[in-house]
Amino acid sequence: MPYAAPWPPADVLRSPRGLALAVCLLLGVAAAANLFSAAVSGYAFSLMKRVIADPAAVTEGTLDRSDVLTGIAGALQGLILLATAVVFIIWFHRVRVNGEIMRPDAFSQTRGWAIGGWFIPIGNLFLPYRTAKETWTASTQAAPDGSFRTVSPAPVTAWWVTWVSSLVLDRVSAYMYKRADTPEALRDASAAAMAGCLATAAAAVLAVLFVRKLTAMQTRKAEQGPNAAL
């Protein structure tokens with residue numbers, strides 16, 4: 001008789017600290033890129049105001065320079081967003097798996113949603129947030145006597161609300177740019193783009209706080225056990 005196939009290996013906790021460091025560095029770069037893009041949008045906004053006040057006061061070369069800067073800022077944002085998203089989702093999946101090992105009953109969705117939830121239209125506005133909150137709960141140590149204990153999810157909520165707001169502003173500004181055919185419309189689109197970039201930069205900073213806090217919570221629970229030390 002042939003030997004039975006071996007049992008599949010059980011899940012083991014894997015440290016998220018290395019990935020967290022990489023994510024935080026990329027988020028810092030993303031915040032800087034969005035601040036640069038906000039400055040470029042502010043420059044375009046001021047140019048349109050000058051054009052509205054006196055069309056002859058702004059040369060064609062100045063307008064071309066603004067367009068070039070806008071293109072550079074957009075390209076930087078896109079490249080950095082792609083790199084950050086890849087590493088962030090890898091980290092997000094790892095902490096989700098760790099959370100399931102620490103407390104399997106804390107989750108309402110399978111671990112695959114930690115990745116898939118980001119790619120579902122409309123669903124990506126709330127599915128990752130649900131996963132993040134459930135992972136946060138699973139990563140929280142109980143009280144020293146084993147009783148249930150909560151840690152404020154404010155870092156999760158603040159990050160997510162700001163991130164969704166930045167997505168909305170980005171879509172609005174893109175729509176406004178697409179339809180803009182007057183200096184007034186371009187001025188308003190630039191203002192919306194500037195607001196969106198500032199919101200994205202703020203979301204990146206809040207994401208750093210979320211990543212650091214959740215990583216620290218999982219590390220502490222892995223090292224000390226399910227109950228907090230006295």
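Biologist: How many residues does helix H4 have, and what distance does H4 reach from its first C-alpha to its last?

Modeller: This is a predicted model, and in it helix H4 covers residues 127-138. At 1.5 Å a residue, a span of 16 Å is expected, and the value for H4 is close to that. H4 has twelve residues and reaches 17 Å.

Biologist: Which helices are included in what covers the buried residues of H4?

Modeller: The buried residues of H4 are Leu-127, Pro-128, Thr-131, Ala-132, Glu-134, Thr-135, Trp-136 and Ala-138. What covers these residues includes helix H2 (60-102), helix H3 (113-116), helix H5 (154-179) and helix H6 (183-224).

Biologist: Is Thr-131 buried or exposed?

Modeller: Thr-131 is found in helix H4. Buried means under 20% relative accessible area. Thr-131 has 2% relative accessibility, so Thr-131 counts as buried.

Biologist: With which side chain does the side chain of Thr-131 make a polar contact?

Modeller: Leaving aside neighbours within four places in sequence, Thr-131 is in contact with Phe-92, Arg-96, Phe-107, Gln-109, Trp-113 and Ala-114. The polar contact made by the Thr-131 side chain is at 3.3 Å, and its partner is the side chain of Gln-109.

Biologist: Why does Ser-37 count as buried?

Modeller: Ser-37 lies in helix H1. Leaving aside neighbours within four places in sequence, Ser-37 is in contact with Ala-73, Gln-77 and Cys-197. The cut-off for buried is under 20%. Ser-37 counts as buried because its relative accessibility is 6%.

Biologist: Which helix gives the most to the lining of the largest pocket?

Modeller: The largest pocket holds about 1100 Å³ of space. Helix H1 (17-53), H2, H5 and H6 each supply at least two residues of its lining. With eleven residues, the helix that gives the most is H2.

Biologist: How do the residues of the lining of the largest pocket divide into nonpolar, polar and charged?

Modeller: The lining of the largest pocket has 41 residues. Nearest the centre of this pocket lie Leu-81, Trp-163, Ser-166, Leu-167 and Thr-200. The lining divides into 26 nonpolar, 13 polar and two charged.

Biologist: How many residues of the lining of the second largest pocket are charged?

Modeller: The second largest pocket has a volume of about 150 Å³. Its lining is made up of Asp-11, Val-12, Arg-14, Ile-90, His-93, Arg-94, Val-97, Asn-98 and Arg-111. Three of these residues are nonpolar and two are polar, while the charged ones number four.

Technical notes. Residues numbered from 1 in each chain as written. Predicted model: local features only at pLDDT ≥ 70, side-chain atom pairs only at ≥ 80, totals over all residues. Heavy atoms only, no water. Helix = DSSP H or I, 4+ residues; strand = E, 2+ residues; numbered from the N terminus. Expected span 1.5 Å × (residues − 1). Buried < 20%, exposed > 50% of the residue type's maximum accessible area, 1.4 Å probe, protein only. Contact = heavy atoms within 4.5 Å. 1 Å grid on protein atoms, 1.4 Å probe; cavity = no way out; pocket = protein on both sides within 12 Å on 5 of 7 lines; lining within 4 Å. Points joined across faces, edges and corners; volume = space filled by probe spheres on them. Nonpolar A, V, L, I, M, F, W, Y, C, P; charged D, E, K, R; others polar. Polar contact = N/O pair within 3.5 Å; in protein donor to acceptor, adjacent residues only side chain to side chain.
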